[in-house]
Amino acid sequence: MNLRNIDLNLLTIFEAIMVERSITRAAARLNMTQPALSNALSRLRALVNDPLFVRQGNEIAPTARARAMDAPVRRALKLARHAFQERHPFHPGEIMRRFSLFLGDLGETLYLPRIMPRLRLQAAAASIVLKQPSDDTLIQDVKKEHLDLAWLSIPPDDKSVCNEALLHDEFVCVTASATIAGRILDETTFFNLTHVRLAARHAPGHIGEHAFRRKGKARRVVAEVDTLHAMAFLAASSDIAGCMPRMLAERYAALLGLRVDKMPFEVPPAFVHQAWPAILDDDPDHIWLRTLIREAVTGG
């Protein structure tokens with residue numbers, strides 16, 4: 001295909017529709033009218049001889065051809081933007097962006113107080129908004145750039161999302177001080193307790209039930225919550241036990257008088273992976289943000 005016959009603006013239109021899965025939202029993203037974008041999509045469809053997007057409920061879904069085009073088109077646009085980007089020294093003080101983050105309650109409770117003073121000192125015009133996306137849509141929200149960065153318990157298996165291991169910690173069991181007073185938390189005592197678990201699969205601090213099965217024994221889960229914050233308060237006010245990363249458990253123990261016990265058997269550690277849209281991997285502002293968060297977490 002001769003590139004001279006292609007309007008390269010069609011690539012930005014294709015990218016916007018892939019991200020937004022909506023003609024209306026893509027038009028708003030590009031500051032175009034909806035008829036103008038629909039007309040451009042018609043030309044793109046004719047050019048590749050494929051419908052590219054088909055209606056599916058309230059959104060439009062990409063065809064197999066569109067999915068195959070997605071990564072090459074993003075790479076091409078990324079190279080083009082890099083080539084034409086004005087070169088000047090990077091200064092975080094010039095950042096005026098509002099970054100949308102999902103850190104989970106582990107990140108919000110323990111690390112946001114470390115992150116914000118550094119951000120205010122280095123980039124006073126930048127700001128952060130914390131979001132609580134559905135666990136079902138979290139990865140898609142990162143892919144579509146609805147989230148600039150997310151903390152996940154499981155690294156995403158998606159080439160459109162970059163990630164790095166950020167921290168890890170051991171799981172511990174938390175109970176009210178009177179729940180097992182005077183007893184050691186051994187395996188038998190653990191399985192005789194009733195438990196609360198974290199529902200969100202991607203949230204930092206989540207652990208699958210398979211980690212608790214021992215020789216046919218499984219813990220008795222009587223409650224499921226969306227946050228470790230709720231887990232701590234429930235454990236503190238009942239005879240229900242919870243399991244969470246030690247660093248957060250010790251913070252709640254100081255506030256609520258919780259008892260913190262080492263797990264009576266081996267459990268995989270809690271991992272936190274920092275994830276972001278691949279399209280932002282080389283973005284100077286985003287690189288600065290990731291570095292700032294990493295250093296705030298690791299004490300750098």
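How do β7 and β11 pair, and over how many bridges? They pair in the antiparallel sense, over four bridges. Two strands count as paired if DSSP finds at least two bridges between them. Within this pairing, valine 174 has valine 260 of β11 as its bridge partner.

This is a predicted model, in which local features need pLDDT of at least 70, side-chain atom pairs count only at pLDDT 80 or more, and totals for chains, interfaces and linings use all residues. Residues are numbered from 1 along each chain as its sequence is written, and side-chain values use heavy atoms, with hydrogens and water left out. Helices (H or I, at least four residues) and strands (E, at least two) are DSSP runs, numbered from the N terminus.

**The sheet**

β7 and β11 belong to an open sheet of five strands. The order is β9-β8-β10-β7-β11, with mixed pairing. β9 and β11 (259–262) stand at the edges with a single partner strand each, so one side of each has no neighbour in the sheet. The twist averages 35° from one strand to the next.

Contact means heavy atoms within 4.5 Å. Angles run from 0 to 180 degrees between N-to-C directions, and axes are lines fitted to C-alpha atoms, for helices over the stretch in contact.

| Helix | Strands touched | Angle with β10 |
|---|---|---|
| α8 | β7, β8, β9 and β10 | about 145° |
| α9 | β7, β10 and β11 | about 125° |

**Helix α8**

Helix α8 spans residues 228–236. Its buried residues (under 20% relative accessible area, 1.4 Å probe, protein chains only) are Leu228, Met231, Ala232 and Ala235. Seen down the axis, they fall within an arc of 95°, so they line one face of α8. That arc is taken from the directions from the helix axis to the C-beta atoms. The buried residues of α8 pack against several elements, including α5 (104–122) and α9 (246–256).

**Helix α1**

α1 packs with helix α3 (residues 34–48) at an angle of about 105°, their axes 10 Å apart. The two helices are therefore roughly perpendicular (65 to 115 degrees). α1 contributes Leu10, Ile13, Phe14 and Ile17 to the contact. α3 contributes Leu37, Ala40, Leu41, Arg43, Leu44 and Leu47.

Glutamate 20 also lies in α1 (residues 9–20). At 8% relative accessibility, glutamate 20 counts as buried. Leaving aside neighbours within four places in sequence, glutamate 20 is in contact with Arg25, Ala26, Arg29, Lys144 and His146.

Definitions and conventions
Buried < 20%, exposed > 50% of the residue type's maximum accessible area, 1.4 Å probe, protein only. Parallel < 35°, antiparallel > 145°, perpendicular 65-115°, else oblique.
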